[in-house]
Amino acid sequence: MTEAAVKAKEEKREEKETDHHPYYRPKDAATLILVDRSGPIPKVLVGRRHDKVVFMPGKFVFPGGRVDKSDYRIPAAAPMPQELEANLFKGSPKITASRAKSLAIAAIREACEETGLCLGRQTESAAAKLDGPWAPFAEAGLLPDPSGLFLIARAITPPGRVRRFDTRFFTADASAITHRVEGVVHADAELVELVWVELGSQPLADLHQMTKNVLGELERRLATGPLRHDAPVPFFHFYGGKMQKDILG
């Protein structure tokens, strides 16, 4: 069997709706794609997942995960841009302002937890009250800062899966990284390796198909110049066993 045939078979298996799992309502999740535009070709940060994790073992992924119930209560260093909030309000079902905030804050939290790279801003008092996964922010005197985030896409995992996510994909410039936590990525962690890779390079060819779709959207937007909030935001979902692409509105 040729390499192309093997790849097509794997993708078909990934997208097939199984019939032995009941319907699971997708859980809110957020992903952050960090972009370094300091060179002639933009680079994105990807991490390789541990071979023994349940979801996409050994795959290169962008940092992200489920929204925590407490994310909306975390104080932020600055409000998210109104244009970003408006983009998060698009689509169905309609969400509240607190849920929109939770999605943006979750993207920042997950990135810091999984990569040790934190997007925040110096504060004098509120950061000291943060604990748990937010302890690195408190130690650095930071509060999460969603002001530099842009919404790139939304995607929902196919029906029939044990784990289903309704994920918002955000991006931010690498210059927004204000603090680094050492020792987060290692051989026994969820991410065992971090790599800044140029768009279009070989490490990105093995990404999950949905992730590649989102990355393609980001690449097209970066090619037009600075990121803007008024660009169309695609929504990837499955209907009748096939992936559909709509524009949020």
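Q: Which residue just after α2 takes a positive phi?
A: The model is a predicted one, and its helix α2 spans residues 82-89. Just after α2 comes a residue whose phi is positive, at about 90°, and that residue is Gly91.

Q: Which residues of helix α2 are buried, and why do they lie on the same side of α2?
A: An α-helix has 3.6 residues a turn, so residues three or four places apart point the same way. The buried residues in question are Leu84, Asn87 and Leu88.

Q: Is Ser102 buried or exposed?
A: Ser102 is found in helix α3, and, leaving aside its neighbours within four places in sequence, it is in contact with Val67, Asp71 and Tyr72. A residue counts as buried under 20% relative accessible area. Because the relative accessibility of Ser102 is 8%, this residue is buried.

Q: What percentage of contacts between residues at least 6 apart in sequence join residues at least 24 apart?
A: The chain holds five helices and 13 strands, and buried residues make up 47% of its 249 residues. Among contacts between residues at least 6 apart in sequence, the share joining residues at least 24 apart is 69%.

Terms used: Residues numbered from 1 in each chain as written. Predicted model: local features only at pLDDT ≥ 70, side-chain atom pairs only at ≥ 80, totals over all residues. Heavy atoms only, no water. Buried < 20%, exposed > 50% of the residue type's maximum accessible area, 1.4 Å probe, protein only. Helix = DSSP H or I, 4+ residues; strand = E, 2+ residues; numbered from the N terminus. Contact = heavy atoms within 4.5 Å.
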